[in-house]
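Reader: I have just opened this model and would like to learn how its features get their names. Could we go through them together?

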Amino acid sequence: MLNIGCHLSSAKGFLAMGKDALKINANTFQFFTRNPRGSKAKKIDPQDAEALRELTAEHRFAALLAHAPYTLNACSADAHTREFALLTMADDLARMEYLPGNLYNFHPGSHTGQGAETGIEQIAAALNAILKPEQNTAVLLETMAGKGSEVGRTFEELRAILDRVSLKEKMGVCLDTCHVYDAGYDIVNRLDEVLAEFDRVIGLSRLRAVHLNDSMNPIGSHKDRHQKIGRGSIGLEAMARIINHPALRDLPFYLETPNDLAGYAEEIALLRGAYRE
Ligand code: FE
Ligand code: FE
Ligand code: ZN
């Protein structure tokens, strides 16, 4: 079965997201751990978390994906910004223990002129400060489009971060189809080769999740503008190859396309129809 869901608003709490996912025939979803611009998080309601755990167990959901605020920057040239990212991520991971066994994704960051090597060292240092042997959440680095000074725009940069993390078994990667395409990886015409390269550089065993997005821009554009499935430069045929690829087909897929709930329901139906059982 295709494990697929979409990004949902966490405004109404955990159980409400689980119910929204069921409404649109999803069997997983993604949510922001707090306001995406990175402000204070609402207090966790343990009963709400428990209710979601029951719903996801009953309906055999794939792993949920919590997304860190995208404004966090663990490799900013500004030390206060780095510290804020570290504290926020540590707090997020503590909160994720209310939903054990799921995934936490973050953008590695932007080096803001320090250079990628410095950025890589700072991101790894942040991870080494916050990862705990007892945590029940895998932390994923997201592949980035390479706009501005983003770190993680090549598989090599992600590998360099992973190499410097002590608790490697807590780490993984989330592949964003729009981002890797915008970064220059030709997943439309050379999917096998791109995945072989991912395997050689990072290792496919580290790949834990896929953000399924079409792109508004051509390959290598370094833009990061998501488009609805089938309406962008990646296209529906390539999307069908991606969800059916032997190296990917059992992973959870999360839509981050510009849609409301009804639009997501349509995309999920479209992709379920394109999946070979
Ligand atoms: Fe993201
Ligand atoms: Fe993404
Ligand atoms: Zn994006």
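Reader: What makes Asp176 count as buried?

Author: Buried means under 20% relative accessible area, exposed over 50%, and partly exposed in between, using a 1.4 Å probe and protein chains only. Asp176 is at 0% relative accessibility, so Asp176 counts as buried. Before we go on, please note that this is a predicted model, in which local features need pLDDT of at least 70 and side-chain atom pairs count only at pLDDT 80 or more, while totals for chains, interfaces and linings use all residues. Residues are numbered from 1 along each chain as its sequence is written, chains are lettered from A and ligands numbered from 1 in the order in which they are written, and side-chain values use heavy atoms, with hydrogens and water left out.

Reader: Which residues are the protein donors of the iron ion (ligand 2)?

Author: Donors are N, O and S atoms within 2.8 Å of the metal (3.2 Å for Na, K and Ca); water is not among the atoms, so sites may look incomplete. Glu142 (OE), Asp176 (OD), His211 (ND1) and Glu256 (OE) lie 2.0 to 2.2 Å from the iron ion (ligand 2). Glu142 also coordinates the iron ion (ligand 1), and the two ions are 3.3 Å apart.

Reader: Why is the site of the iron ion (ligand 2) called irregular?

Author: Four donors count as tetrahedral if all angles lie between 85 and 135 degrees; four count as square planar and six as octahedral if opposite donors are over 155 degrees apart and all others between 65 and 115; anything else is irregular. Here the angles among the four donor atoms run from 83 to 170°, and the site is irregular.

Reader: Which parts of the chain do Asp176 and Glu256 tie together?

Author: Helices (H or I, at least four residues) and strands (E, at least two) are DSSP runs, numbered from the N terminus. Asp176 lies in strand β8 and Glu256 in the loop between β12 (252-255) and α9 (261-274), so the pair ties together parts that are 80 residues apart in sequence. Glu256 counts as buried too, at 14% relative accessibility.

Reader: What are the protein donors of the zinc ion (ligand 3)?

Author: They are His179 (NE2), Asp224 (OD) and His226 (NE2), lying 2.0 to 2.3 Å from the zinc ion (ligand 3). His179 lies in helix α6 (residues 177-183) and Asp224 in the loop between β10 (214-215) and β11 (226-227), so this pair ties together parts that are 45 residues apart in sequence. Both His179 and Asp224 are buried. The zinc ion (ligand 3) and the iron ion (ligand 1) are separated by 5.2 Å.

Reader: Why is the pair of Phe14 and Phe31 called edge-to-face?

Author: Rings of Phe, Tyr and Trp (its six-membered ring) pair if their centres lie within 6.5 Å; planes under 30 degrees apart count as stacked, over 60 as edge-to-face and the rest as tilted. The centres of Phe14 and Phe31 are 5.9 Å apart and their planes are at 80°, so the pair is edge-to-face. Phe14 is in helix α1 (residues 14-23) and Phe31 in strand β2 (residues 30-32), 17 residues apart. Phe32 and Tyr70 also form an edge-to-face pair, with 5.8 Å centre to centre and 65° between the planes.

Reader: Are Phe32 and Tyr70 buried or partly exposed?

Author: Phe32 has a relative accessible area of 18%, so Phe32 is buried. Tyr70 is at 39%, so Tyr70 counts as partly exposed.

Reader: How do you know that the buried residues of α7 line one face of the helix?

Author: In α7 (residues 191-201), Leu191, Val194, Leu195, Phe198 and Val201 are buried. Seen down the axis, these residues fall within an arc of 130°, so they line one face. The arc is that of the directions from the helix axis to the C-beta atoms. On the face turned away from the buried side, α7 carries the exposed residues Asp192 and Arg200.

Reader: Which residues touch the most other members of the largest nonpolar core?

Author: A nonpolar core is a set of buried Ala, Val, Leu, Ile, Met, Phe, Trp, Tyr and Cys residues joined through side-chain atoms within 4.5 Å. The largest has 78 residues, and those touching the most other members are Phe29, Phe31, Leu127, Leu212, Phe253, Leu255 and Leu271. Helix α4 (residues 116-130) gives the most to this core, with six residues.
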